[in-house]
Amino acid sequence: MHLEFSAEDLAFQQEVRTFIAENYPAHLRGKQDEGDDLGKEDFLAWHRILYKKGWVAPAWPVEYGGTGWTATQKYIWSEETARADCVRLMPFGLSMVGPVIYTFGTPEQKAKFLPGILSGDDWWCQGYSEPGSGSDLASLRTKAVRDGDHYVVNGQKTWTTMAQHADWGFFLVRTDPDAKQQEGISFLLIDMKSPGITVRPIITLGGEHEVNEVWLEDVRVPVENRIYEENKGWTCAKFLLAHERTGIAGIAASKRGVEKVKEIARAELDGDRPLIANPFFKRKIAELEMDLTALEFTELRSLAGENAGKAPGPESSLLKIKGSEIQQRLTELTLEAVGHYGAPYFRGFGEGDNEHPIGPDYAHRAAPTYFNARKTTIYGGSNEIQRNIIAKMVLGL
């Protein structure tokens, strides 16, 4: 693996930096650093700019709207958008269901759904987890019964991120209750405006309305919206989860997070000297940076494999485990650095409140972010499940 950038790569890096500087929406600059809540239109503003440029889906094949970038260029893109603190693009369409559709879908399905995913006109959510069926996803009970050219779907999904904004959802449903767990599941695309769908908010530990319950009561879904074969949806599900786990690693964002922690530690005092001078705190940062560098090399190997036509494999489980643990450690260090200013209720008493938050701006979201990050080792397949996958697929245990 060659780690030095070529002249072409350096030119591409400068092109990316210039494009971000000239085109990133002004109203979004610094919004994440300041801890402001982001709405649907905030995410879509950057998405639409990238779509117009042709850069919205770097990982997609060129024939479906991808960029044709090399693995190195994809790495540069990830690094530069993180360095500029750009709003991340929602993954449910671009990184999850999009690849499933262009890999397993019919020509008609590709023509119908891929353009809306690329443009951002269709906002997607993921209907996988259920009460009692999280890590043991194959035990799901939401059922779909064939009725002519439709399925009638009944059941409940939970932890459905951004479902309150979604136009479409991709759902795993049980179409054969008598088959083995994985063999009786189908993959359906469901219009979230369909009669019988109810979305109920779940407020997270951080105080955000990010996830939801989704109830489906006699929801009619055209059979033409089934991806791949009936009862073979588990094939699509595994394919999608491999892509999701790779994306969860969030290495470029974590590198930016380490720099933020250092900035905070330079500003906060430990007695009469900056916190960054405390040898115990410095050691925690150094250990985190070493782990992050090791993970980055693993991601680069994975990217090189994908560039050679290799699909994400068991290494995506390793990326998910270490990436999510590093994200949690980052939030812990941030909370430790801001000290008592990190108390979760210092931000204000509610929407419209005119009380000013206490402490520096970087402290306002430290505790809510810490609480919210507890989920990272659970979603996308818990880290315990990922260790089982590695034990079986890599170590042969």
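**Entry 1: helix 1 and helix 3**

At roughly what angle do the axes of helix 1 and helix 3 cross, and within what distance do they come? I am working from a predicted model, and in it I found a crossing of roughly 35°, with the axes of helix 1 (residues 7–23) and helix 3 (residues 71–83) coming within 10 Å. I noted the crossing of this pair as right-handed. Next I listed who makes the contact: helix 1 brings Asp9, Phe12, Gln13, Val16, Arg17 and Ile20, while helix 3 brings Thr72, Gln73, Ile76, Trp77, Glu80, Thr81 and Arg83. Sorted by class, the residues of this contact come out as five nonpolar, four polar and four charged.

**Entry 2: helix 4 and helix 5**

I then turned to helix 4 (residues 91–104) and helix 5 (residues 107–119), whose axes are 10 Å apart and pack at an angle of about 165°. Angles over 145 degrees count as roughly antiparallel, so I put helix 4 and helix 5 down as roughly antiparallel to each other. From helix 4, the contact takes in Gly93, Leu94, Val97, Gly98, Ile101 and Tyr102; from helix 5, Gln109, Lys110, Phe113, Leu114, Ile117 and Leu118. My class tally for the contact of helix 4 with helix 5 reads eight nonpolar, three polar and one charged. I also wrote down the handedness: helix 4 passes helix 5 in a left-handed crossing.

**Entry 3: the annotated domain**

I checked the UniProt record, an unreviewed entry, and it places "domain: Acyl-CoA oxidase/dehydrogenase middle" at residues 125–218. How much of residues 125–218 is helix, and how much is strand? I got 0% helix and 50% strand, with the end C-alpha atoms of the span 19 Å apart.

**Entry 4: positive phi**

Trp159 has a positive phi of about 55°, and it sits in the loop between strand 3 (150–157) and strand 4 (168–174). Is Trp159 buried or exposed? Its relative accessible area is 54%, so I marked Trp159 as exposed.

Asn231 has a positive phi too, of about 70°. I located Asn231 in the loop between strand 8 (226–227) and helix 6 (233–248). With a relative accessible area of 16%, Asn231 went into my notes as buried.

**Entry 5: His150**

I found His150 in strand 3. Its relative accessibility is 21%, so His150 counts as partly exposed. Which residues does His150 contact, leaving aside neighbours within four places in sequence? My list has Val145, Arg220, Val221, Pro222 and Val223.

Thr298 lies in helix 8 (residues 279–307), and at 13% relative accessibility I count Thr298 as buried. Setting aside residues up to four places away in sequence, Thr298 touches Leu318 and Leu319.

Thr334 belongs to helix 9 (residues 315–338). Buried means under 20% relative accessible area, so Thr334, at 18%, counts as buried. Which residues does Thr334 touch, not counting those up to four places away in sequence? I noted Val261, Ile264 and Ala366.

Definitions and conventions: Residues numbered from 1 in each chain as written. Predicted model: local features only at pLDDT ≥ 70, side-chain atom pairs only at ≥ 80, totals over all residues. Heavy atoms only, no water. Axes fitted to C-alpha atoms, helices over the stretch in contact; angles between N-to-C directions. Helix = DSSP H or I, 4+ residues; strand = E, 2+ residues; numbered from the N terminus. Parallel < 35°, antiparallel > 145°, perpendicular 65-115°, else oblique. Left-handed = near helix turned anticlockwise from the far one by under 90°. Contact = heavy atoms within 4.5 Å. Nonpolar A, V, L, I, M, F, W, Y, C, P; charged D, E, K, R; others polar. Buried < 20%, exposed > 50% of the residue type's maximum accessible area, 1.4 Å probe, protein only. UniProt positions renumbered as here; feature names shortened; annotations may be inferred.
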